[in-house]
Amino acid sequence: MSYTKYGIRPDLVERVKVKMKNPVIKDRVKMLIDGVTKYDLQDRLKVRKLVRAAAGVLQEPLTELQEEQLISFVLGQKIDPKNTLHLIKLWAMFR
């Protein structure tokens, strides 16, 4: 689990996975990331806004440290939302 290398705690990931099973929350998160590009996911400020917005939708309070860990993780993955292999890699990491 490479997210643990960034200091992201497995219990946080498990709580988010459970919350994402709620179709209403899942749709709100989907709307939040609709239209995001790989360039957006390499911009620290945009990623910070996305992390904060997603935390609000999920009603998951994040400390400053957790927020920075999540931002570093997203930047480190170099995610391209249009690349199927990148999405499969992420799916496998969090399944």
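**Exercise 1.** Is the crossing of α3 and α4 left-handed or right-handed? Describe how the two helices pack.

*Solution.* This is a predicted model, where local features need pLDDT of at least 70, side-chain atom pairs count only at pLDDT 80 or more, and totals for chains, interfaces and linings use all residues. Residues are numbered from 1 along each chain as its sequence is written, and side-chain values use heavy atoms, without hydrogens and water.

Step 1. The axes of α3 and α4 come within 10 Å and cross at roughly 125°.
Step 2. The helices are therefore oblique to each other (angles under 35 degrees are roughly parallel, over 145 roughly antiparallel, 65 to 115 roughly perpendicular, the rest oblique).
Step 3. The crossing is right-handed.
Step 4. From α3, R44, V47, R48, V51 and R52 meet a set in α4 that includes E64, E67, E68 and L70 (contact means heavy atoms within 4.5 Å).
Step 5. By class, this contact has six nonpolar, one polar and six charged residues.

**Exercise 2.** At what angle do α2 and α3 pack?

*Solution.* Step 1. Helix α2 (residues 23-33) and helix α3 (residues 44-58) pack at about 165°, with axes 10 Å apart.
Step 2. That makes α2 roughly antiparallel to α3.
Step 3. I25, R28, V29 and L32 of α2 contact L50, A53, A54, V57 and L58 of α3.
Step 4. By class, there are eight nonpolar, no polar and one charged residues.

**Exercise 3.** Which residues of α3 are buried?

*Solution.* Step 1. They are V47, R48, L50, V51, A54, A55, V57 and L58 (buried means under 20% relative accessible area, with a 1.4 Å probe and protein chains only).
Step 2. Their cover includes α1 (10-19), α2 and α4 (64-77).

Notes:
Axes fitted to C-alpha atoms, helices over the stretch in contact; angles between N-to-C directions. Helix = DSSP H or I, 4+ residues; strand = E, 2+ residues; numbered from the N terminus. Nonpolar A, V, L, I, M, F, W, Y, C, P; charged D, E, K, R; others polar. Buried < 20%, exposed > 50% of the residue type's maximum accessible area, 1.4 Å probe, protein only. Left-handed = near helix turned anticlockwise from the far one by under 90°.
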